Amino acid sequence: MTDVVRELSPAAEAAPRQRRLALVASKGTLDQAYPPLILATTAVSLGWEAGIYFTFYGLDILHRKRFEHLKVASLANPSGPVQLPNLLGAIPGATAAATKVMKKWMKNANMPGVPEFIEMAQGAGVRFFACSTTMGVMGVSESDLIGGCEIAGAAAFLDYAADADVQLFV
Amino acid sequence: MTDTSQTSLQADATLDCRELLCPLPVYRAAMALDKLEEGQTLELICTDPGSLEDIPAMARQRGDTLLVAENRGTTQVFHIEKGPRR
């Protein structure tokens with residue numbers, strides 16, 4: 001077998017370089033899945049390149065069995081859709097209730113769900129990088145992830161981000 | 001219903017983004033602009049108040065020209081002329 005060496009940032013062409021957005025998505029809750037997807041989808045709509053590096057809990061956003069079931073925390077989340085003191089936020093069903101409310105808010109506002117958003121972002125050209133360390137630590141294999149992800153470590157992502165005009169950690 | 005007859009310019013395409021929030025108006029406008037030729041115009045109707053800042057920013061970033069930006073209270077109407085493909 002020959003290993004194919006992939007370059008995340010191919011050498012610049014003669015044409016003026018496109019602007020680039022490089023995001024890190026480190027959180028795997030429903031509410032925190034939206035900001036990187038919104039920003040990256042917007043960036044490609046502006047004619048930019050955009051890539052999201054999904055690391056640690058953020059990798060759940062790319063997990064084919066988990067990405068439909070992301071939740072909103074009811075515990076230690078004073079801004080959450082169901083406002084509960086922590087003592088009550090810890091009771092069974094509280095997280096499910098907060099999640100249900102957030103999903104209803106999104107639906108009422110005509111916002112796509114996470115799976116639809118991912119499809120929209122990928123279709124528009126957003127690149128999804130899956131953190132290889134997270135995969136190793138959490139026992140996630142490539143077949144657990146949705147299609148179209150690029151597995152990359154920190155050096156490869158930094159190489160991509162070094163040429164970005166905007167870099168954000170979510 | 002919104003009366004769009006106030007805009008005298010005739011656009012080559014119209015996109016209704018009413019009741020949609022960021023990033024959908026920008027995303028859909030970009031998809032619609034991608035289908036147009038340079039110099040053709042897109043009329044965009046929005047209700048997200050953020051579009052008053054977002055649509056001019058989108059046009060600037062894409063290299064398109066914003067011909068009309070009208071705030072009609074509950075709706076915002078834009079005409080965007082597609083710029084050269086980069």
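Which hand, left-handed or right-handed, does the crossing of H1(A) and H1(B) have? The crossing of these two helices is left-handed, meaning that the near helix is turned anticlockwise from the far one by less than a right angle. This is a predicted model, in which local features need pLDDT of at least 70, side-chain atom pairs count only at pLDDT 80 or more, and totals for chains, interfaces and linings use all residues. Residues are numbered from 1 along each chain as its sequence is written, and chains are lettered from A and ligands numbered from 1 in the order in which they are written.

**Helix pair**
- Helix H1 (residues 30-45) of chain A packs against helix H1 (residues 24-34) of chain B at about 30°, with axes 9 Å apart; helices are DSSP runs of H or I of at least four residues, strands runs of E of at least two, numbered from the N terminus.
- Axes are lines fitted to C-alpha atoms, for helices over the stretch in contact, and angles run from 0 to 180 degrees between N-to-C directions.
- H1(A) and H1(B) are therefore roughly parallel (angles under 35 degrees).
- A:Thr41, A:Thr42 and A:Ser45 meet B:Val26, B:Tyr27 and B:Ala30, contact requiring C-beta atoms, placed from the backbone, within 7 Å.

**Chain contact**
- Chain B contributes 12 residues and chain A 10 residues.
- On the side of chain B that touches chain A, H1 and helix H2 (51-62) of chain B each supply at least two residues.

**Sheet of chain B**
- An open, mixed sheet has 4 strands in the order S1-S2-S4-S3; strands pair if DSSP finds at least two bridges between them.
- Strand S1 (13-17) and strand S3 (65-71) of chain B are the edge strands.

How values were computed
Angles under 35 degrees count as roughly parallel, over 145 as roughly antiparallel, 65 to 115 as roughly perpendicular and the rest as oblique. Two residues are in contact if their C-beta atoms, placed from the backbone, lie within 7 Å.
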